[in-house]
Amino acid sequence: MSMVTISNLQRITAPKLAEMLLASSNQPSRDPSIAIVDVRDDDHIGGHIKSSLHFPSRSLDATMPTLLRKLADKEVVVFHCALSQQRGPGAALRYLREKEATLGAATAAKKAAEEQEEGKKQQVYVLDRGFVGWQEVYGPDERLTEAYRKELWEDGY
């Protein structure tokens, strides 16, 4: 049984994530080790974090197997929604629990031991303040944000 709960999910700040993304974009590797999962639904407007994957929260039941496959080799996975208060943390928790259930307890323990030996256990985070907080600082930064529409954010969320 998983010991991960909403209250003990790891959080990451926008500046820390921006730093990681900029550092990884300078690497010659074509397959980034960081994945950002945007779980906004109809509010997926006004921009998104560059190279993020859009998996609307309302369709996670159907898309979770795909998400598990896409994220399997990533070192860092960051979930977010608009504010990262409900949908983002809920999706991160579901992902972690589904990953554990899919691997099975014995396999998970073995894989965790191997990852620890290699020093590369997947880190799963929730973006503090979600995309609303992100766009306040990095919205206009085209290195980090795509399809940003400032006019949609001028009056707040």
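Guide: Helices are DSSP runs of H or I of at least four residues, strands are DSSP runs of E of at least two, and both are numbered from the N terminus. This is a predicted model, in which local features need pLDDT of at least 70 and side-chain atom pairs count only at pLDDT 80 or more, while totals for chains, interfaces and linings use all residues. Residues are numbered from 1 along each chain as its sequence is written, and side-chain values use heavy atoms, with hydrogens and water left out.

Visitor: How many helices and strands does the chain have?

Guide: The chain has 5 helices and 7 strands. Read from the N terminus, its elements run β-α-β-β-β-α-β-α-α-β-α-β.

Visitor: Which strands form the sheet, and in what order?

Guide: Two strands pair if DSSP finds at least two bridges between them. Here 5 strands make an open sheet with parallel pairing, in the order S1-S6-S5-S2-S4. S1 (10-12) and S4 (53-54) are the edge strands; each has a single partner, so one side of each has no neighbour in the sheet. Strand S2 (residues 34-38) and strand S5 (residues 76-80) run parallel and are joined by 5 bridges.

Visitor: At what angle do H2 and H3 pack?

Guide: Two packed helices are described by the angle between their axes and the distance between the axes. For helix H2 (residues 60-71) and helix H3 (residues 87-103), the angle is about 70 degrees and the axes are 10 Å apart. That makes H2 roughly perpendicular to H3 (under 35 degrees is roughly parallel, over 145 roughly antiparallel, 65 to 115 roughly perpendicular, the rest oblique). On the H2 side the contact includes Leu 60, Asp 61 and Met 64, and on the H3 side Ala 91, Arg 94 and Tyr 95 are among the residues involved.

Visitor: Is Ser 84 buried or exposed?

Guide: Buried means under 20% relative accessible area, exposed over 50%, and partly exposed in between, with a 1.4 Å probe and protein chains only. Ser 84 sits in the loop between S5 and H3, and its relative accessible area of 1% makes Ser 84 buried. Leaving out residues up to four places away in sequence, Ser 84 touches Arg 11, Phe 79, Pro 89, Val 126, Leu 127, Arg 129 and Gly 130. Ser 84 and Leu 127 are 43 residues apart in sequence, yet 6.4 Å apart in space, C-alpha to C-alpha.

Visitor: Where is Ser 57 found?

Guide: Ser 57 is in the loop between S4 and H2 and is buried at 18% relative accessible area. Beyond its neighbours within four places in sequence, Ser 57 contacts Val 39, Asp 41, Arg 87 and Arg 94. For the chain as a whole, 42% of the 157 residues count as buried.

Visitor: What is the phi of Ala 147?

Guide: Most residues other than glycine have a negative phi. Ala 147 has a positive phi of about 55 degrees, although it is not a glycine. Ala 147 lies in the segment after strand S7 (145-146) and counts as exposed at 54% relative accessibility. Ser 51, in the loop between strand S3 (48-49) and S4, also has a positive phi, near 65 degrees.

Definitions and conventions. Axes are lines fitted to C-alpha atoms, for helices over the stretch in contact, and angles run from 0 to 180 degrees between N-to-C directions. Contact means heavy atoms within 4.5 Å.
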